[in-house]
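How can the packing of two helices be described? Two packed helices are described by the angle between their axes and the distance between the axes. Please keep that in mind while looking at the model below.

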Amino acid sequence: MSRLLFQGVPGVTDVSESLRAQSRRSLAPLLPAGAPGERSLLAGVARSLEFVASGDKLHEECGVVAIYGHPHAAREAYLSLYALQHRGQESAGIATADGHHLANIKGMGLVSEIFTDDVLAKLPGKMAIGHTRYSTTGDSALLNAQPIRVDSTKGLIAIAHNGNLVNLGNVRSRLEREGAYFQTTSDSEIIVQLIAHSSAGSLVDAIADSLSQVEGAFSIVMMTRDRIFAARDPHGFRPLSMGRIKNPGGPGAGPDTVVFASESCAFDLLRAEFVRDILPGELVMVSEDGVTSRQYASGTPQSSCVFEHVYFARPDSRIFGRWVQESRDQMGRQLARESGVAADVVVPVPDSGVTAALGYAEEAGIPFRFGLIRNHYVGRTFIEPEQRVRDFGVRLKLNPVHNLLAGKRVILIDDSIIRGTTSRKIVRMVRGAGATEVHLRISCPPTISPCYYGVDTPSKKELIAANNSIEEIRHYIEADSLAYLSLDGLLQCVHDENNVGYCTACYTGNYPTQWVDVEDILPAAAVL
Ligand code: SF4
């Protein structure tokens, strides 16, 4: 049974305050409560532990959903989160509202482990927001799991956030001077506290006011007792789309259900039709008066995360106006054009390398084969504390198909090399299965800089491409050849008539925000 936190659920004790006290006590030997950097330390410790536990891949940190006007809103939110499980596997939560009360339940674990029928039955109401998160384990993580429910001067507000804010230091300390009492160490609560302290007359004005004061990446959904809000940051870093479930009674039977989700694949499970993306800098409100929208910010160049197309988003999703499957197919084709090599088979590193490998194989005219099989039943939270055990971890996840690889010249397709340790094990595995040559092709440029916009990245010193030439990396991973997709090639693959601007900072080091508060958002491992 997952550990759960109940807030505002009739008949169930809310233990948030004792968790907060416990979390402060465990930090006390490290740093006095309230001391400068306390929050950075906590976040840094947590993020470092996360990366150790997660292997050599980048991790998205969140997926969000919202449902307005459905008799089984909690169940619809559950199904949406289930479809977004790839965006975060360590905690999940759903908050619902029935016009009077706002209940919130969150826990550690997979969506299906947390939200049994009994738990969903405790979440009444026709409105819901939900969140799934990549995070660490322990009580502080449970407290910081989302949605975050805050009883503010503007009433009860629940918020779920995908992304990372970057100008926190000033805002948080200013709010604390003004009397704000933070319930969590999460960035997301800053938005709610800004709303609570806004002098704007109406709630929607207060939300617009608060969103315009924070910088960084945020695709958020918020809920009060009777309204749902959805917004994206002015750069549009993370995806967020709106959909609609037709009223089953037909025209005239009542309003349709309005849904929001980080990725459109969530709509398919709900049988919702895709309506549109929320625009960068747009705030949408859904109430009994219908759907209204306003631009709270304009004039900022769009910088949507190109790595969503490379790796994070599901290929059956449509984000930033285009299908992810189409982008990845194009990346594979472009990679074949840029760095073709004579070979007998094209083999993807499953699962994320599959679509690019299909494109590569078709473009190169070389047979595609599933030469590596992934065990889908290995827990995503498999703890790998030592190098010796980590080696075992890769063999748990992947196994070579000997008869497809023996005696063959193999092109391996993967979507990234982070530290290089996993790539080396995979190359060795393929060679150990009898391949005569192993050529590694990566469907994006070398990752040379950490992400500050909601993706868990190791520090620069741990990124192999930040510190080594491509030839040095090739030598380290023991491949016969190594090539990455060029930056121009990648941008061509995601370009279309929508003319979306993309963030490519992890490949270039050019960050689209004005400044980055490094003290507050040190990437994993840099703090320790
Ligand atoms: Fe995406 Fe990389 Fe930009 Fe982060 S730095 S938002 S991962 S493109």
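The axes of α12 (residues 324–339) and α13 (residues 354–364) cross at roughly 45° and come within 7 Å; axes are lines fitted to C-alpha atoms, for helices over the stretch in contact, with angles from 0 to 180 degrees between N-to-C directions. Helices here are DSSP runs (H or I, at least four residues), numbered from the N terminus. The contact (heavy atoms within 4.5 Å) involves residues including Arg328, Asp329 and Arg333 of α12 and Tyr360, Glu362 and Glu363 of α13. By class, the residues of this contact are five nonpolar, five polar and six charged, where Ala, Val, Leu, Ile, Met, Phe, Trp, Tyr, Cys and Pro count as nonpolar, Asp, Glu, Lys and Arg as charged, and the others, Gly among them, as polar.

This is a predicted model, in which local features need pLDDT of at least 70 and side-chain atom pairs count only at 80 or more, while totals for chains, interfaces and linings use all residues. Residues are numbered from 1 along each chain as its sequence is written, and side-chain values use heavy atoms, without hydrogens and water.

Helix α8 (residues 188–197) packs against helix α9 (residues 203–211) at an angle of about 130°, with the axes 8 Å apart, and α8 and α9 are therefore oblique to each other. Ile191, Leu194 and Ile195 of α8 meet Leu203, Ala206, Ile207, Ser210 and Leu211 of α9, a contact with seven nonpolar residues, one polar residue and no charged ones.

Notes:
Helices (H or I, at least four residues) and strands (E, at least two) are DSSP runs, numbered from the N terminus. Angles under 35 degrees count as roughly parallel, over 145 as roughly antiparallel, 65 to 115 as roughly perpendicular and the rest as oblique.
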